[in-house]
Amino acid sequence: MASFYLIQSKNVEPDTKIGARLLEECVKTYKNIAIYHAVACENAILRVEKNLKHFNIKQNLESTYSFTLKNALKQLSEDSNFFFYKIIQDFENLKAQYDFIFVEGFHKLGILDGFESNVKLAKILNTPLVVINEKENEALIKNYLNQSLDGRPYALIDENFDFKELLSLKDYDFKTTYRFKFELNEKAKKDKKIVVLPESDDERILKASDILLKNALVELILLGDENEIKQRAKNLGLNLNDAKIINPQNSSLSSEFANSLYEARKSKGMSLEEAQNLVKDRTYFGTLLVYNQKADAMVSGASTTTAQTIRPALQLIKTKEGIGCVSGIYFIGLEDKILAFADCAVNPNPNAKELAETAYISAQTAKSFGLETRIAMLSYSSGDSGKGESVDLVNEAVKIAKEKYPELQIDGPMQFDCAYDMKTGAKKMPDSKIAGKATIYIFPNLDSANICYKAVQRTANALAIGPILQGLKKPVNDLSRGCSINDIVDTVILSAIQAQA
């Protein structure tokens, strides 16, 4: 255990006597200790200042909290992503410097409930909970925590607590949406890649570019007229000074790119004149930047179709060896886990071989983003309980995948509830190592995949990141025409990480 998160079961400030004794025990046990509040009210800051002096803790007061209560409410309303990113980053910085972090929760956060918010934040930080408990609430608190923490340990304490028992608590291992996005950002920063964005005439692209550059996540190439882009950025109050701007209409690269395109496509009947005209198209030009290793990835589709994004990539970059089709994968962020759904974007009716390939490449994609790779091949039937053409298709795909990719953890056919829920999986497929534990869900066709991801996204208030196109030799990714600024930021970061592989 490297930390714990102290809160009170009632929506009031933690008992200062119990908290002080708990802090004293931590100081005795760990030589190098830090105190941390994600959100600190004025009273909490004063109390921490006294504790730093009293226990001779070598820590700057400013590092003991991420937000004051007033600033927290403002940031939450303006940009919740940054709010949680800063909290995780500040906490991780302390973990790198100190042996133990004493985390104290907030007792209120405006109109938000303190207890539930603290539990969610403990899961985001993966810090075990220590709850100062009132006996009249004990059964209710236990029931809530058992469900919310999915069986992970916590401690309920009163003034007679045994500190040695708390030392047995283990750090949590939740992969929350905010934790996942934080890890992606950190990974992108460590090995910055160049991403080209062809659609600089779209305001969302420019705003996303400002965020990406401000946080030093990637290097960017914007395609379009430099004067127009800079004027629009100025009007919007954006800083795009670090972006490289290239105009496909008059670029010095046009001749080189036209020859590259002609050489790649002349066997298919393309003339040099056709190639010279096509390189003026921003999507082709962006793809050629990647093809000629002047950029590492491309993200397009905010104002163009999926076909317009994929066609040049298939003609030039092409698929990886052994992969016959491109597929699309979404990362679905639930409250405390990340799932991968494929193929939700490209192939309407894949055959068994294509389904097997999608399972294989989805496992590679998920692994590169830090996810476990337990694959469920989905159907309307689990195991051998049902029959039909679709079930036969999935059975054949599972057979091909196990023979061709013996290293995969894969099983099917299985229904979604069998793949997702432990109890249901144990009943329907008791001998399966995947049932109830799947992290990657391969759908039998585009209808079921697209319907399911949108249903989960909307009804479960889940974050859907993607689609990420997989199977290409180099990353080219497609945006939805209804994408948000955050969608663009997420897709660019994912594309940059794909380019690191």
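This is a predicted model: local features need pLDDT of at least 70, side-chain atom pairs count only at pLDDT 80 or more; totals for chains, interfaces and linings use all residues.

Me: What does the secondary structure of the protein come to?
Reply: There are 20 helices and 17 strands.

Me: Why is serine 327 called buried?
Reply: Its relative accessibility is 1%. Buried means under 20%. The value of 1% falls under that cut-off, so serine 327 counts as buried.

Me: Where is serine 327, and with which residues is it in contact?
Reply: Serine 327 lies in strand S11, residues 327-333. Leaving aside neighbours within four places in sequence, serine 327 is in contact with Asp343, Val346, Asn347, Thr358, Ile361, Ile468, Leu469 and Gln470. Contact here means heavy atoms within 4.5 Å.

Me: Why is lysine 31 called exposed?
Reply: Exposed means over 50% relative accessible area. Lysine 31 has 87%, so it counts as exposed. This lysine sits in the loop between helix H1 (16-29) and strand S2 (33-40).

Me: How far is lysine 31 from leucine 408, taking C-alpha atoms?
Reply: Those C-alpha atoms are separated by 45 Å. Along the chain, the two residues are 377 residues apart.

Me: What makes a set of residues a nonpolar core, and which residues of the largest one touch the most other members?
Reply: The members must be buried residues of the nonpolar kinds, joined through side-chain atoms within 4.5 Å. The largest such core has 58 residues. Val195, Leu220, Leu222, Phe331, Ile375, Met377 and Val492 touch the most other members. Helix H20 (residues 485-500) gives the most to this core, with 7 residues. Apart from it lies another core of 34 residues, among them Val39, Phe84, Phe115 and Val119.

Me: What does valine 492 touch?
Reply: Not counting residues up to four places away in sequence, valine 492 touches Val195, Leu197, Leu212, Val218, Leu220 and Val299.

Me: How do you know that the radius of gyration agrees with a compact globule?
Reply: The rule is 2.2 Å times the number of residues to the power 0.38. With 501 residues, a compact globule would have a value near 23 Å. The protein has 26 Å, which agrees. Its C-alpha atoms fill a box of roughly 85 × 65 × 35 Å along the principal axes.

Me: How much of the protein is buried?
Reply: Buried residues make up 53% of the 501 residues.

Note on methods. Residues are numbered from 1 along each chain as its sequence is written. Side-chain values use heavy atoms; hydrogens and water are left out. Helices (H or I, at least four residues) and strands (E, at least two) are DSSP runs, numbered from the N terminus. Buried means under 20% relative accessible area, exposed over 50%, partly exposed in between (1.4 Å probe, protein chains only).
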